[in-house]
2 protein chains.
Amino acid sequence: METPGSQSSLHRANLERVVRAVRLAGSLTQAEIARTTGLSAATVSNIVRELKDGGTVEVTPTSAGGRRARSVSLSGDAGIVIGIDFGHTHLRVAVGNLAHQVLAEESEPLDVDASSAQGFDRAERLVSRLIEATGVDRGKIAGVGLGVPGPIDVESGTLGSSAILPGWIGTRPAEELRERLGVAVHVDNDANLGALGEMVWGSGKGVRDLAYIKVASGVGAGLVIDGKIYRGPGGTAGEIGHITLDESGPVCRCGNRGCLETFAAARYVLPLLQSSHGTDLTMEGVVRLARDGDPGCRRVIADVGRHIGSGVANLCNLLNPSRVVLGGDLAEAGELVLGPIRESVGRYAIPSAARQLSVLPGALGGRAEVLGALALALSEMGDSTLLDGSLTAAAPAFT
Amino acid sequence: METPGSQSSLHRANLERVVRAVRLAGSLTQAEIARTTGLSAATVSNIVRELKDGGTVEVTPTSAGGRRARSVSLSGDAGIVIGIDFGHTHLRVAVGNLAHQVLAEESEPLDVDASSAQGFDRAERLVSRLIEATGVDRGKIAGVGLGVPGPIDVESGTLGSSAILPGWIGTRPAEELRERLGVAVHVDNDANLGALGEMVWGSGKGVRDLAYIKVASGVGAGLVIDGKIYRGPGGTAGEIGHITLDESGPVCRCGNRGCLETFAAARYVLPLLQSSHGTDLTMEGVVRLARDGDPGCRRVIADVGRHIGSGVANLCNLLNPSRVVLGGDLAEAGELVLGPIRESVGRYAIPSAARQLSVLPGALGGRAEVLGALALALSEMGDSTLLDGSLTAAAPAFT
DNA sequence: CGTCTATGTCCAACTAGTGAACTCTAAGCT
DNA sequence: AGCTTAGAGTTCACTAGTTGGACATAGACG
């Protein structure tokens with residue numbers, strides 16, 4: 001921003017380097033920082049002093065039982081991040097610190113027909129409550145991640161057609177929430193955030209290329225490519241639900257026929273069980289019955305798995321990820337659905353692509369999206385946010 | 001490599017910055033360099049002197065009719081890059097300089113059944129001939145890009161099952177060629193290089209996310225995601241040819257049924273015309289006949305287009321690229337095949353993904369792969385290769 | 001209790017970029 | 001033609017910032 005290529009920028013880069021190292025490791029001694037960053041001990045000494053004076057890090061006199069090492073960690077009040085997830089039936093909020101620790105988390109039911117204003121009111125109150133519970137100053141919010149169950153237009157930030165929250169179409173959630181909370185808000189759809197959450201905290205740890213398949217009322221995928229969420233130039237990447245499996249299959253809400261969604265999503269699958277199991281079944285209920293041994297539900301879940309597997313096979317041929325994580329209610333079915341998925345993938349994907357693929361259930365269950373929102377806030381924050389003291393002074397100004 | 005975070009590394013980064021600016025623009029005055037890089041005029045002055053002494057750039061006293069501006073450009077003999085493409089029936093070699101200019105290019109027929117040793121002999125001779133034609137010192141080769149028509153194992157660099165060059169399976173082409181030429185060789189498959197070539201020089205200029213579909217004896221895709229070739233963790237991304245279109249379709253060489261390839265690749269399509277048009281048709285011939293109005297060939301090409309469109313629609317739903325470029329012999333058919341592709345995409349892809357997609361024929365024809373190999377060599381080179389004088393002294397040592 | 005060793009700090013040396021002053025050259029004006 | 005002007009490139013003194021080495025510190029080990 002100031003001197004793009006020199007000296008002070010080098011210093012800044014080194015500051016960020018140290019902050020990142022500390023953030024990733026939780027806490028480090030200066031000597032360790034020097035080793036991991038490659039900087040000299042003297043430089044680290046200077047930088048740590050500067051950061052300490054700025055309030056970004058804390059130096060705890062001596063904790064480990066070594067010779068004498070002062071461990072450096074991000075100061076507890078250096079900043080917090082907030083994740084908010086609007087789901088089909090619920091609202092979840094999580095508060096975390098910069099060391100990737102979740103400090104508080106809560107969810108409450110949300111009426112599908114609620115207006116966006118009502119939703120934001122609820123979210124705002126819940127955020128306030130959790131922040132108070134953690135006892136941190138509101139001015140320390142470094143960023144907010146927001147998850148919404150529908151496509152976000154990349155340029156305008158407008159929420160597109162969401163069959164899930166009809167009252168929200170056309171709103172600009174990030175904008176609105178930023179005005180309410182006064183901090184930067186980053187928004188993404190639920191599938192992408194689920195992918196991010198599972199990658200940072202769940203079944204995708206250590207993997208740089210993965211697809212997170214979320215099966216709920218629709219079917220969507222979040223793609224992580226080379227460690228980053230891939231949204232595509234138009235922002236609609238990952239629409240695995242509308243891959244065509246059968247050109248003359250059932251008509252889908254998107255207007256085509258035989259989309260994967262028509263074989264796997266709750267709204268199309270549940271009716272199959274109506275005559276035998278009654279009308280007020282939910283996907284959760286089907287999964288529970290299947291686990292208890294109900295043959296009809298088992299069959300339906302296996303069929304869903306096979307179809308998802310076909311879609312995953314296509315995805316696998318095109319992208320060759322190293323892991324596929326299954327999320328949503330359906331993941332609770334475990335092997336009942338994963339088995340058929342793997343079988344389908346093995347059958348339809350080319351062997352060299354399928355060989356190194358692992359298909360796993362999500363480890364975070366319904367929390368994947370909120371935690372992903374938290375991770376989004378953390379990753380969008382950049383390491384420099386902590387340096388300029390904007391957090392300790394006041395909330396960042398609008399731009 | 002030496003001092004990862006400081007001072008000298010900053011200097012090096014600034015050197016690279018200048019080199020990159022010059023390379024991209026072709027030639028610049030020092031003042032322009034200062035403006036585009038953000039460095040101060042004094043620094044640029046020093047850096048240019050250093051680069052000039054090192055032989056990396058040339059300073060032509062005064063060429064433009066301004067006040068007095070010395071234009072800086074990469075010295076003509078700063079380095080050259082070589083692209084080599086082994087195709088089904090031919091071998092192509094191109095020589096370019098660091099300013100993205102193609103200096104020489106030639107192709108010759110290659111026998112499908114030739115051994116890899118024979119192929120390399122031919123390639124080596126052709127490379128020598130072209131280099132001599134350009135009159136540059138062999139020691140100035142900065143890098144070589146190599147294209148092979150088959151999957152390359154990421155870790156070992158081994159060429160996997162290629163139905164096109166049977167004698168090559170199990171060889172390590174990059175390794176072998178490096179031993180022969182004595183410089184770093186970067187290898188990739190033809191579809192990926194075609195994508196790269198079209199992105200740098202052809203129909204993909206200015207686009208950061210594109211898919212290059214190559215229809216020849218097989219069907220493959222090269223994916224460019226965020227400006228870089230995406231190979232996937234296992235190196236087999238882009239296998240669009242084996243997306244399943246019809247579970248009970250024709251048996252494919254991969255062992256599945258109804259793969260896109262069975263509806264689009266030459267080996268499956270040409271037999272359809274045997275009884276009506278004779279047995280020694282090639283894809284080129286079919287395209288030519290179609291353009292001349294032959295209804296059977298037109299129909300076949302349109303059908304191929306529709307099926308490719310289905311595959312592209314799936315790809316589009318998953319990845320949402322902004323452009324799809326069609327390569328291979330089939331691209332010569334122009335609207336005869338693009339029309340049906342677009343129609344299929346419009347029908348099967350979700351509208352929001354299809355809306356901003358453009359489907360174009362490749363602009364480079366059969367040259368896409370060699371030029372892509374050239375681009376690969378350029379991009380893998382990094383901007384620092386030019387700095388350490390390794391090129392001016394001698395060929396880089398093996399490692 | 002002395003020695004050892006790794007940690008953190010301080011200082012002088014050195015590297016490298018910057019602003020300001022300066023020179024140079026061609027264009028434009030009188 | 002001669003003067004002025006303005007942008008280009010260079011030089012120089014200054015400053016920011018990293019580094020290696022010397023030094024102080026404090027627990028571990030014998």
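My entries below go from the whole assembly down to single residues.

**Entry 1: ground rules**

I noted that this is a predicted model, in which local features need pLDDT of at least 70, side-chain atom pairs count only at pLDDT 80 or more, and totals for chains, interfaces and linings use all residues. Residues are numbered from 1 along each chain as its sequence is written, while chains are lettered from A and ligands numbered from 1 in the order in which they are written.

**Entry 2: two chains together**

How are chain A and chain B related? I found that a rotation of 180 degrees, with 0.1 Å of shift along its axis, superposes chain A on chain B with an RMSD of 0.1 Å. The two copies are therefore related as by a two-fold rotation axis.

Next I looked at where the chains touch. I found 42 residues of chain A in contact with 42 residues of chain B; contact means that the C-beta atoms, placed from the backbone, lie within 7 Å. On the chain A side, the elements giving two or more residues are helix H1 (8-25), helix H11 (295-319) and helix H13 (351-355). Helices here are DSSP runs of H or I with at least four residues, strands are runs of E with at least two, and both are numbered from the N terminus. H11(A) gives the largest share, 7 residues.

I also sorted this side of chain A by class and got 19 nonpolar, 20 polar and 3 charged residues. Ala, Val, Leu, Ile, Met, Phe, Trp, Tyr, Cys and Pro count as nonpolar, Asp, Glu, Lys and Arg as charged, and the others, Gly among them, as polar.

**Entry 3: a three-stranded sheet in chain B**

I traced an open sheet of 3 strands in the order S1-S3-S2 of chain B, with antiparallel pairing. Two strands pair if DSSP finds at least two bridges between them. Which strands are at the edges? They are S1 (27-29) and S2 (57-60) of chain B, each pairing on one side only. S1(B) meets S3 (residues 71-74) of chain B over 3 bridges, and Ser27(B) has Ser73(B) as its bridge partner.

Two helices lie across these strands. Helix H2 (residues 30-37) of chain B lies across S1 and S3, at about 95 degrees to S1(B). Helix H3 (residues 41-54) of chain B lies across S2 and S3, at about 110 degrees to S2(B). For these angles, axes are lines fitted to C-alpha atoms, for helices over the stretch in contact, and angles run from 0 to 180 degrees between N-to-C directions.

I followed S4 (residues 80-86) of chain B into S5(B): they pair antiparallel over 7 bridges, and a hairpin joins them through 3 residues. Gly83(B) stands opposite Ala94(B). S5(B) also pairs antiparallel with S6 (residues 102-109) of chain B over 7 bridges, where Arg92(B) has Ser107(B) as its bridge partner. In the hairpin of S5(B) and S6(B), with 4 residues between the strands, His100(B) takes a positive phi near 65 degrees.

Of the 8 residues of S5 (residues 90-97) of chain B, 7 are buried. Buried means 20 or more other C-beta atoms within 10 Å of a residue's own, exposed means 12 or fewer, and partly exposed is in between, with C-beta atoms placed from the backbone.

**Entry 5**

S12(B) runs parallel to S9 (residues 210-215) of chain B, joined by 5 bridges, with Ala211(B) partnered by Val324(B). S12(B) also pairs in the parallel sense with S13 (residues 358-361) of chain B over 4 bridges, and there Leu326(B) stands opposite Pro361(B).

Note on methods:
Least-squares fit on C-alpha atoms with pLDDT ≥ 70 in both.
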